[in-house]
Amino acid sequence: MAHIPAVAKPAAPVTQAKRHHDPEVRGFASDNYAGAHPEILAALALANGGHQTAYGGDEYTAHLQHVMRSHFGPHARAYPVFNGTGANVVALQALTDRWGAVICADSAHIHVDECGAPERVGGLKLLTVPTEHGKLTPELIDREAHGWDDEHRAMPQVVSLAQNTELGTVYTPDEIRAICEHAHERGMRVHLDGARLANAAAALDVPMRAFTHAAGVDVLSFGGTKNGMLFGEAVVVLDPDAGRAMKHLRKLSMQLASKMRFVSVQLEALLAKDLWLRNARHANTMARRLEAGVRAVPGVEILHPVEANAVFARLPHEVSERLQKRYRFYFWDEAAGDVRWMCSFDTTPEDVDGFVQALGEEMGRAG
């Protein structure tokens with residue numbers, strides 16, 4: 001009998017890459033600054049190995065549909081994409097004609113933070129309205145919801161709102177339902193930018209379907225990167241009639257991942273049980289701790305209600321500049337002295353308390 005040599009046990013994986021950052025550095029600039037949650041990294045390793053059909057024909061993307069329906073209703077269909085801007089552009093393209101327009105808040109991410117992608121890539125017209133704390137209302141929508149028969153004006157076809165808003169506030173399910181009913185009565189669809197959807201559900205203590213499918217939202221952009229994923233988001237079609245040629249638009253917009261299983265398995269890890277909620281609740285809790293701490297510092301003004309994982313404040317410009325050398329964060333309106341502090345799934349109480357102490361020291365120097 002021929003001798004069959006034993007197969008050598010594979011060696012532990014190694015890498016030629018080197019660490020180029022200090023993992024002890026912490027900040028409050030963005031929840032995008034955080035790394036990936038360990039459970040997400042474990043899911044990626046689980047999906048690795050062997051061959052799976054490319055471009056979404058894999059087992060992980062197929063199973064993701066069941067997971068998404070458990071959160072967003074029986075007709076939900078998920079289309080994984082690379083990033084949030086891509087999700088928003090693909091979703092809005094699916095809901096509009098070439099002559100269509102989108103009504104949104106003047107502080108909306110699609111207006112102020114996507115480099116004109118909805119207009120330049122999606123070919124859309126954004127009709128913006130000023131809001132209080134970033135939240136649309138039916139009355140505000142009506143400022144731009146007109147002129148459907150006027151060939152000289154882009155036709156309002158979609159209302160896009162964000163949950164959370166760009167200013168960190170949260171819509172209640174009733175508020176979103178009222179917007180959806182108002183928009184639908186006028187023949188418009190509703191898109192929800194859910195980059196931080198989990199934080200809103202955690203803040204409201206309701207399932208995500210309560211202010212999406214159950215409230216009448218047609219299509220949403222579901223965010224995972226800001227809540228512990230390594231990369232990837234998803235367009236989720238809630239009304240099947242609203243997802244016109246979605247798979248073609250995703251490819252056309254350069255958002256079709258060839259190895260999609262590695263996006264889908266992350267979404268499954270986040271949503272299959274409660275990782276999405278654990279991460280969001282923790283980030284929100286840290287933001288409330290941060291708010292309480294900075295409110296106690298004389299001279300600091302909180303600008304918007306702290307309802308999720310963002311704190312907006314106003315303080316002297318020179319204080320912010322000194323503080324930024326100790327902790328990373330962004331100016332929101334540099335001329336006014338407005339700043340934004342974000343908490344993430346890996347923000348610790350020690351991070352918050354150290355930042356509050358540093359803020360107090362810098363404000364004391366200003367005095």
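Me: Why is helix α3 called largely enclosed by the rest of the structure?
Reply: Buried means under 20% relative accessible area, while exposed means over 50% and partly exposed lies in between, with a 1.4 Å probe and protein chains only. In helix α3 (residues 84-94), 9 of the 11 residues are buried, so the helix is largely enclosed by the rest of the structure. Among the buried residues of α3 are Gly86, Val89 and Leu92. This is a predicted model, in which local features need pLDDT of at least 70 and side-chain atom pairs count only at pLDDT 80 or more, whereas totals for chains, interfaces and linings use all residues. Residues are numbered from 1 along each chain as its sequence is written, and side-chain values use heavy atoms, with hydrogens and water left out.

Me: What makes asparagine 83 a cap of the N-terminal end of α3?
Reply: A side-chain oxygen of asparagine 83 lies 2.7 Å from the backbone nitrogen of glycine 86. A polar contact is a pair of N or O atoms within 3.5 Å; within protein, one must be able to donate a hydrogen and the other to accept it, and residues adjacent in sequence count only if both atoms are side-chain atoms.

Me: Why is the pair of phenylalanine 28 and tyrosine 327 called tilted?
Reply: Rings of Phe, Tyr and Trp (its six-membered ring) pair if their centres lie within 6.5 Å, and planes under 30 degrees apart count as stacked, over 60 as edge-to-face and the rest as tilted. By this rule the count comes to 9 aromatic pairs. The rings of phenylalanine 28 and tyrosine 327 have centres 6.1 Å apart and planes at 50°, so this pair is tilted. Phenylalanine 28 lies in the segment before α1 (38-47) and tyrosine 327 in the loop between α12 and β10, so the pair ties together parts that are 299 residues apart in sequence.

Me: How do you know whether tyrosine 327 is buried or exposed?
Reply: Tyrosine 327 has a relative accessible area of 16%, and is therefore buried. Phenylalanine 28, with 0%, is buried too.

Me: What makes the pair of tyrosine 327 and phenylalanine 355 edge-to-face?
Reply: Their ring centres are 5.2 Å apart and their planes stand at 85°, so the pair is edge-to-face. Phenylalanine 355 belongs to helix α13 (residues 349-366), so here the pair ties together parts that are 28 residues apart in sequence. Phenylalanine 355 is buried, with a relative accessible area of 0%. One aromatic cluster is formed by Phe28, Tyr327, Phe329, Trp341 and Phe355.

Me: How do you know that arginine 77 lies over the face of tyrosine 79?
Reply: A charge sits over a ring if NZ of Lys or CZ of Arg is within 6 Å of the ring centre and within 35 degrees of the ring normal. Arginine 77 is at 5.8 Å from the ring centre of tyrosine 79 and lies over its face.

Me: Why do strands β9 and β11 count as a pair?
Reply: Two strands pair if DSSP finds at least two bridges between them, and strands are DSSP runs (E, at least two residues), just as helices are runs of H or I with at least four, numbered from the N terminus. Strand β9 (residues 310-314) and strand β11 (residues 338-342) pair in the antiparallel sense over 5 bridges. In one of these, alanine 310 has methionine 342 of β11 as its bridge partner.

Me: What makes β8 and β10 the edge strands?
Reply: The open sheet has 4 strands in the order β8-β9-β11-β10, with antiparallel pairing. The strands β8 (301-302) and β10 (330-333) each pair on one side only.
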